[in-house]
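Visitor: I have a protein open on my screen and would like to go through it. Can we take it piece by piece?

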Amino acid sequence: MKIVSFNENLVFNDDRVDIYIIIEKSHSKEMRILIRKDQTLKEHTTPHVIILHVLEGTIAFGVEDKIVMLNKNEVITLDKNIKHHLKGKTDSIVRLTIFK
């Protein structure tokens with residue numbers, strides 16, 4: 001058993017989006033994304049299903065040619081191999097779950 005907090009050691013980086021692995025197991029990975037207002041995580045794909053959960057702030061989540069605004073406590077899922085990107089609309093803390 002391991003107990004962790006997504007709110008410990010929060011250090012936003014002014015130069016880049018900060019992505020930190022919180023827990024990794026054989027079947028999934030829990031990550032924390034710290035993204036400042038106007039920072040972007042460029043378009044990419046992942047070979048796994050993901051869930052994004054906004055813990056604090058607001059992000060713009062781009063999926064193919066659509067932009068979805070996600071606010072605190074909102075969650076979105078995405079199937080594997082779909083192009084996506086995100087942009088901080090405010091300084092934000094995002095939980096990313098990757099299912100392997």
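Visitor: Let's start with one residue. Is Arg 36 buried, partly exposed or exposed?

Guide: This is a predicted model, and in it Arg 36 has a relative accessible area of 24%. Buried would mean under 20% and exposed over 50%, so Arg 36 counts as partly exposed.

Visitor: Which residue forms a salt bridge with Arg 36?

Guide: Asp 91 does, and the closest N and O atoms of the two are 2.7 Å apart. The pair links distant parts of the chain: Arg 36 sits in the loop between β2 (28-35) and β3 (40-44), while Asp 91 sits in the loop between β8 (84-88) and β9, 55 residues apart. Asp 91 is partly exposed too, with a relative accessible area of 37%.

Visitor: Why do such side chains pair up at all?

Guide: Side chains of opposite charge can pair when their charged atoms come close.

Visitor: OK. How many salt bridges are there in the whole structure?

Guide: A search finds seven. One of them joins Lys 72 and Glu 56, with 3.3 Å between the closest N and O atoms.

Visitor: What does Glu 24 pair with?

Guide: The side chain of Glu 24 meets that of Lys 29 in a salt bridge, at 3.8 Å from N to O. Glu 24 has a relative accessible area of 42%, so it is partly exposed.

Visitor: New topic. How many helices and strands does the protein have?

Guide: Zero helices and nine strands.

Visitor: In what order do the five strands of the open sheet sit?

Guide: The order is β1-β2-β9-β4-β7, with antiparallel pairing. At the edges are β1 (18-24) and β7 (75-78), each of which pairs on one side only. Neighbouring strands of this sheet are turned by 20° against each other on average, direction ignored.

Visitor: What holds paired strands together, in general?

Guide: Strands of a sheet pair through backbone hydrogen bonds.

Visitor: How many bridges join β4 to β9?

Guide: Seven bridges, between residues 49-56 of β4 and residues 92-99 of β9, and the two strands run antiparallel. As an example, Leu 52 has Leu 96 in β9 as its bridge partner.

Visitor: Now the whole thing. What are its overall dimensions?

Guide: The C-alpha trace spans about 40 × 30 × 25 Å along its principal axes.

Visitor: Last one. What share of the contacts is between residues 24 or more positions apart?

Guide: Among contacts with a separation of 6 or more, such pairs account for 64%.

Conventions:
Residues are numbered from 1 along each chain as its sequence is written. This is a predicted model: local features need pLDDT of at least 70, side-chain atom pairs count only at pLDDT 80 or more; totals for chains, interfaces and linings use all residues. Side-chain values use heavy atoms; hydrogens and water are left out. Two strands pair if DSSP finds at least two bridges between them. Helices (H or I, at least four residues) and strands (E, at least two) are DSSP runs, numbered from the N terminus. Axes are lines fitted to C-alpha atoms, for helices over the stretch in contact, and angles run from 0 to 180 degrees between N-to-C directions. A salt bridge is a side-chain nitrogen of Lys or Arg within 4 Å of a carboxyl oxygen of Asp or Glu. Buried means under 20% relative accessible area, exposed over 50%, partly exposed in between (1.4 Å probe, protein chains only). Contact means heavy atoms within 4.5 Å.
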